[in-house]
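Here is a short report on one protein model. It covers the sheet, a helix and a pocket.

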Amino acid sequence: MRAVELRLLPDGQAFPGVDAAIGSVEGIRREALVALEWHSDGTYALLYRLAGDDAAALDAVFRDRADVYDYDVIDGGDGQLFAFVHVSERETLSELLAIAESYALLLDPPFRYTDRGVRVTVAGTEAALQAAFAEATDRIAVEIEWTGEYTPDEPGYLGRLTDRQREAVLVAHELGYYETPRATSFEAVADELACAPSTANELLRRAESVLLDALLAES
């Protein structure tokens, strides 16, 4: 099973409707869409994680919108808010969800907001992912950030490592390679992996580069 991390690039950095309304609230920043449910009547139940503390401003936005059927704003403390919103259907979003449904793709939340679009991880067979991507790009600008094997129950950035890279990182961690000061050397890691020291060093360097790139991409 394959996974693809995509960057969706809607016009104005937001999907039309309530998403754009939230994005326009001064002092509120969308961090992630934690949950998204598409109901049989076409409506959506959305749960946002937001940076900010002006719950009253969000309440005013939701209260005055005709496309919002129900909502709740929860203060998570430390400058974090959660907003549950039940909203009416939007054409572009429904088209994208319908594509994922027609190709039996898995959407792996949360969907993270960045300075350049929304990062979404999608999993499925390689053929289904390719066909769905071709259809989706007819409706919205999409960039591919990463492709690889899908590993359930692991953070997405660990799934980016090869099996050998993951093994090297785990062995290095167990031996204390990442302690301060280091409790071992990459030569000792190589002994555990039954490979040359240069190979162990290269595995760790590549794995560290992949993990750092993935972590910085979430910021």
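The model is predicted.

The largest pocket holds about 700 Å³ of space. It is lined by 40 residues, and those closest to its centre are Leu6, Leu8, Leu107, Val120 and Val122. Helix H4, residues 126-136, supplies the largest share of this lining, with six residues. By class, the lining splits into 31 nonpolar, four polar and five charged residues.

**Sheet**

Eight strands build an open sheet with antiparallel pairing. Their order is S4-S5-S3-S2-S6-S7-S1-S8. Strands S4 (68-77) and S8 (141-149) are the edges, and each pairs on one side only. From one strand to the next, the twist averages 20 degrees.

| Strand pair | Sense | Bridges | Residue pair |
|---|---|---|---|
| S3 and S5 (residues 80-87) | antiparallel | eight bridges | Tyrosine 44 and valine 87 |

Strand S3 spans residues 44-51. In the sheet order, S3 sits between S5 and S2. S3 is mostly covered, with six of its eight residues buried.

S2 and S3 also form a hairpin, with five residues between them. Glycine 42 lies in that turn and has a positive phi of about 90 degrees.

**Helix H6**

Which residues of helix H6 are buried? In this helix, residues 186-193, they are Val189, Ala190 and Leu193. These three cover an arc of only 105 degrees around the axis, so they lie on the same side of H6. An α-helix has 3.6 residues a turn, so residues three or four places apart point the same way. Asp191 and Glu192 are exposed on the other side of H6. Buried here means under 20% relative accessible area, and exposed means over 50%.

Alanine 194 follows H6. The phi of alanine 194 is positive, near 60 degrees.

Methods:
Residues numbered from 1 in each chain as written. Predicted model: local features only at pLDDT ≥ 70, side-chain atom pairs only at ≥ 80, totals over all residues. Heavy atoms only, no water. 1 Å grid on protein atoms, 1.4 Å probe; cavity = no way out; pocket = protein on both sides within 12 Å on 5 of 7 lines; lining within 4 Å. Points joined across faces, edges and corners; volume = space filled by probe spheres on them. Helix = DSSP H or I, 4+ residues; strand = E, 2+ residues; numbered from the N terminus. Nonpolar A, V, L, I, M, F, W, Y, C, P; charged D, E, K, R; others polar. Buried < 20%, exposed > 50% of the residue type's maximum accessible area, 1.4 Å probe, protein only. Pairing = 2+ DSSP bridges. Arc of directions from axis to C-beta. Axes fitted to C-alpha atoms, helices over the stretch in contact; angles between N-to-C directions.
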